[in-house]
Amino acid sequence: MERKKRLIILGIILTCVLLIVVLSSALFSFKAVSVECRTNMFVINETDHQKIIESGEFKYGKNILFLNFDKNIENIELKNPYVKVVNIERKFPNYAIINIKERMPVVKLNANGGTYILDEELKVLNFVKTTSDYNVTLNEDKLPNLIIDADANLDYIKDKKAGEFLENEELKRIVSSFYNGVVTTEEIDGEKLAKSCITTIKDITVSYEPTSRFKCLKYTLTFEGSNSTAIIYDDSEDSLTDNIYRTFKMFIDYEDKYIQFMCRNGELTGIEKNS
């Protein structure tokens, strides 16, 4: 019985030693990285993959089983503003795949002596000082202007650069709602990807509107190539996204009939052009 115990202990020790030898062997030494893009817009192409890999500042030669890729993801997203890293996937024995998708610009926000190009998460995709700084290939110059009136008091963090995030939850909710309200999506491999916009918005002005009970946020929208406007009051139990979407659909269906479209308390109304 004692001999059997010794054999079991010896077996465990030998197994542990063998496992340590295998894990520390060159077989699991991290050697290479590749990139796979889950979207197919026009921002990122195969010629950018090497730049993305280099910006990750990977440490090769270490055991891939014990690597933490959080800092690599941070480096990639900071140095490539239009890149969103979904994850970095280990492929045994010794390489990894960076799964990325492209960020879609949503609005232009004029602040801090320039213009922020923002996606729905308030990531700064570009910070523009002059019109020549726009990336016209990415249609940054054609994005709707998000105008925050002084009374709305939506503060943002100063001195943010491309690749960083503005930090304001209310502003994030507004931008995200407009994105979800105007951008249609299609599902590819189980993931919803941006496809197209319902209509072109020229300006979005956010202000406070006093009511009998409280102040609510008021969104006044103007459209490219149209004299019509839309006003959306964010004071209903419905989500802001639903109100935006329904207002735009009404604009599309009745643009020739109404000069102004309004959504208050979830109810849509239109003011006729000839009234």
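Tutor: What follows is a set of questions and answers on rings, cores and strands.
Tutor: This is a predicted model, where local features need pLDDT of at least 70, side-chain atom pairs count only at pLDDT 80 or more, and totals for chains, interfaces and linings use all residues. Residues are numbered from 1 along each chain as its sequence is written, and side-chain values use heavy atoms, with hydrogens and water left out.

Student: How are the rings of Phe-223 and Phe-248 arranged?
Tutor: Rings of Phe, Tyr and Trp (its six-membered ring) pair if their centres lie within 6.5 Å; planes under 30 degrees apart are stacked, over 60 edge-to-face, and the rest tilted. Here the centres are 5.9 Å apart and the planes stand at 75 degrees, so the pair is edge-to-face.

Student: Which elements hold Phe-223 and Phe-248?
Tutor: Helices (H or I, at least four residues) and strands (E, at least two) are DSSP runs, numbered from the N terminus. The pair ties together parts that are 25 residues apart in sequence. Phe-223 lies in strand E11 (residues 215–223), and Phe-248 in helix H5 (residues 240–254).

Student: Is Phe-248 buried or exposed?
Tutor: Buried means under 20% relative accessible area, exposed over 50%, and partly exposed in between (1.4 Å probe, protein chains only). Phe-248 has a relative accessible area of 0%, so Phe-248 is buried.

Student: Which residue has its charged end over the ring of Tyr-233?
Tutor: The test asks for NZ of Lys or CZ of Arg within 6 Å of the ring centre and within 35 degrees of the ring normal. The charged end over Tyr-233 sits 3.6 Å from the ring centre. It belongs to Arg-264.

Student: Which residues touch the most other members of the largest nonpolar core?
Tutor: A nonpolar core is a set of buried Ala, Val, Leu, Ile, Met, Phe, Trp, Tyr and Cys residues joined through side-chain atoms within 4.5 Å. The largest one has 36 residues. Its largest share, 6 residues, comes from H4. The members that touch the most others are Tyr-219 and Leu-221.

Student: Why is E12 described as largely enclosed?
Tutor: On one side, Thr-229, Ile-231 and Tyr-233 are buried. On the other, Ala-230, Ile-232 and Asp-234 are buried too. E12 is largely enclosed by the rest of the structure because the buried count is 6 of the 6 residues.

Student: How many bridges join E11 to E12?
Tutor: Two strands pair if DSSP finds at least two bridges between them. E11 and E12 run antiparallel, and the bridge partner of Thr-220 is Ile-231 in E12. The hairpin has 5 residues between the strands, and Gly-225 takes a positive phi near 70 degrees. The bridges joining E11 to E12 number 6.
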